[in-house]
There are 2 protein chains.
Amino acid sequence: MSFNIYFNDKETNARIGKLKTSHGEIETPFFMPVGTYGAVKSLCPEDLKNKVKTDIILSNTYHLYLRPGLEVIKKFSGLHKFINWDRIILTDSGGFQVYSLTKLLKKSDDGVEFQSHIDGSKHFFTPEKVIKIQETLNSDIMMIFDDCVEYGANEEDYILAMKRTTNWAKRCKNIKKNQNLLFGIIQGGFSENFRQNHLEEIVNIGFDGYAIGGLSVGEPKEEMYRIIEFITPKMPDDKPRYLMGVGKPEDILFAVENGVDMFDCVLPTRNARNGTLFTSIGPINIKKQEYKFKDEPLDANCNCYTCKNFSKAYLRHLFTSKELLSYRLNTIHNLTFYINLMKDIKKSIKNNNFLKFKKDFLSKYCSL
Amino acid sequence: MSFNIYFNDKETNARIGKLKTSHGEIETPFFMPVGTYGAVKSLCPEDLKNKVKTDIILSNTYHLYLRPGLEVIKKFSGLHKFINWDRIILTDSGGFQVYSLTKLLKKSDDGVEFQSHIDGSKHFFTPEKVIKIQETLNSDIMMIFDDCVEYGANEEDYILAMKRTTNWAKRCKNIKKNQNLLFGIIQGGFSENFRQNHLEEIVNIGFDGYAIGGLSVGEPKEEMYRIIEFITPKMPDDKPRYLMGVGKPEDILFAVENGVDMFDCVLPTRNARNGTLFTSIGPINIKKQEYKFKDEPLDANCNCYTCKNFSKAYLRHLFTSKELLSYRLNTIHNLTFYINLMKDIKKSIKNNNFLKFKKDFLSKYCSL
């Protein structure tokens, strides 16, 4: 068994589990910092281990396939050695990236032909190819190649995407040779019916974990919440549940309450580079004039390297001067905020007071 | 006494000394990483201490005066606390920056009026103002405000600049109130006569150390070497000698041989951001195709964090992908190269084999 639940919240669907991988165990629910090209932007592995204190990162199959390319990764027998990271790596399948980043040339039941967003070169992804790429990367957790459609597409598009995703999921499972974990992805847009049907199809194939795909694609928050609330409790209890690409702290709290175990999002890292920093009272923009003279940490409640060593005034100065150090200190802070949030969530579940923790957190936290 | 020489090379003018400051002692000869806006680009104080292992940085008076501005620094009682650096800081006087970066509006015996390179705002620097700024920064080593002229200026310009620098040096010394060190600057362009005369004028005023200004401003290397060789041994033996803005590893070796004790240069940090990395066989450009698959460190002889943890292939990947981590890992490597060079130089002087060390180093090292 690669996954065990050992604590269930009494009042909600929140739970604590442990996921075993080839590069160590990790307690759920957890958040994965995004390291698209094999580096969490501005951070080194030492920062991730000793400052951010994460046991897992997510990397992007599509991006690494294009740059540095698989021949390079092969030379290093996988991504871990190439990037000098000996802990857990999850890779997405590129399904969402070929849909959102590239010029799509042709999509068929066989796969997707697209043009690279870097140099316009043509490439063809099939489920088989995507698994081979992820096996070359040797990521501890691989994702099936899924078919993504835009928010607001018509019913036929969603039906076709689900059909293809199911078919591709089978092909991914069939071709997989190594012992790493493979997760299925549930599509179905914003129809509860579709979601329910697709969940059953994917679960029937059988995977090491299940992800909710196709959310956080531009829909109103209520739509996303409706689907999370509907589908999560129906997902297999004994497998990790991964909500892809979500989200804000309040979204994570909502999803954990409904039984989600895994998250990833570019928000903490991207916001860091835009100067938007998370604090216990909500995100602030560090470039504001009011911080110019502030000799106090970003967040008095934060124990991160940035807050323990630098003032708002210095962080503002670095950001307004476009100093490279700004991006690193901001990233350390924002990721620590997310990792600490997950830690506090786990603690509150174990103490049987998750709902109280959530309420207290949100009563102070004012979202943007 | 703030400076003591305790070892002289038998064969050359190279020497080992110790300089005492309000934030600790430092062994000479040493190299100062440049932290223009109060941060060595991409590095935090912890990197500087534990990875680069430097005891001193240089910051720019002109830049910090403009951004964040003195009112902010005052609020923190100086630069050390603002940037969280408890070791030594040297600040230049801004003389070279107002000449090289700004639109000069008016220069007179009184001072220099100029437009900020950031927003075009007008400012007026006098020797008195420049000392007050540096006292607000509370840098351990301050520099006098000097008058800079362009390479190839005519004799009259050089004579006027020397006259003004002497006059401004006196005014700087007179207005100085705190106990930090103040260094004079010797101008005089590329005339040995001028240099000799100006050295005498500045030494007669009396400072805690003396700098050679006006070199590395676009002249042929032989011209620079001629002046270094001529003037350095004539500078007071019992005071630190600082060669401003120099230079390449071979320049540093040449200057140490002639008795220089202190260096600063943007080369290791700027080159790092351009992908030009120093190695024991000379600088290499990490973006080259030939490194794409190279599973070996930048420099097998280097003990830096970058070389101990990452391959050329990964460094190339980060640089070509414009990953922020690239700039930090490259900067750590290049600064470590410089700091190690100074360490090796000191060791060789103490072992009475500086010339042999220099010869061996240069026989392997192929400059760009």
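Let's begin with chain A, which is divided into two parts: domain 1, covering residues 3-265, and domain 2, covering residues 266-368. Keep in mind as you look around that this is a predicted model. If you take the C-alpha centres of domain 1 and domain 2 of chain A, you will find them 26 Å apart.

Now turn to the place where these two domains meet. Domain 1 of chain A brings 31 residues to the contact, and domain 2 of chain A brings 30 residues. Which elements build the side of domain 1 of chain A that touches domain 2 of chain A? At least two residues each come from β4 (30-32), α1 (45-52) and α10 (249-257) of chain A. The helix to look for is α10(A), which gives the most to this side of domain 1 of chain A, with 6 residues.

Next, let's move over to chain B. Here you can trace an open sheet of 3 strands, arranged in the order β7-β8-β9 with antiparallel pairing. In general, strands of a sheet pair through backbone hydrogen bonds, either parallel or antiparallel. The edges of this sheet in chain B are β7 (103-107) and β9 (122-125), each of which pairs on one side only. On average, and ignoring direction, neighbouring strands of the sheet are turned by 25° against each other.

For a closer look, follow β8 (residues 112-115) of chain B, which pairs with β9(B) in the antiparallel sense over 4 bridges.

How values were computed:
Residues numbered from 1 in each chain as written. Chains lettered and ligands numbered in written order. Predicted model: local features only at pLDDT ≥ 70, side-chain atom pairs only at ≥ 80, totals over all residues. Domains from an automatic or database assignment. Contact = placed C-beta atoms within 7 Å. Pairing = 2+ DSSP bridges. Axes fitted to C-alpha atoms, helices over the stretch in contact; angles between N-to-C directions.
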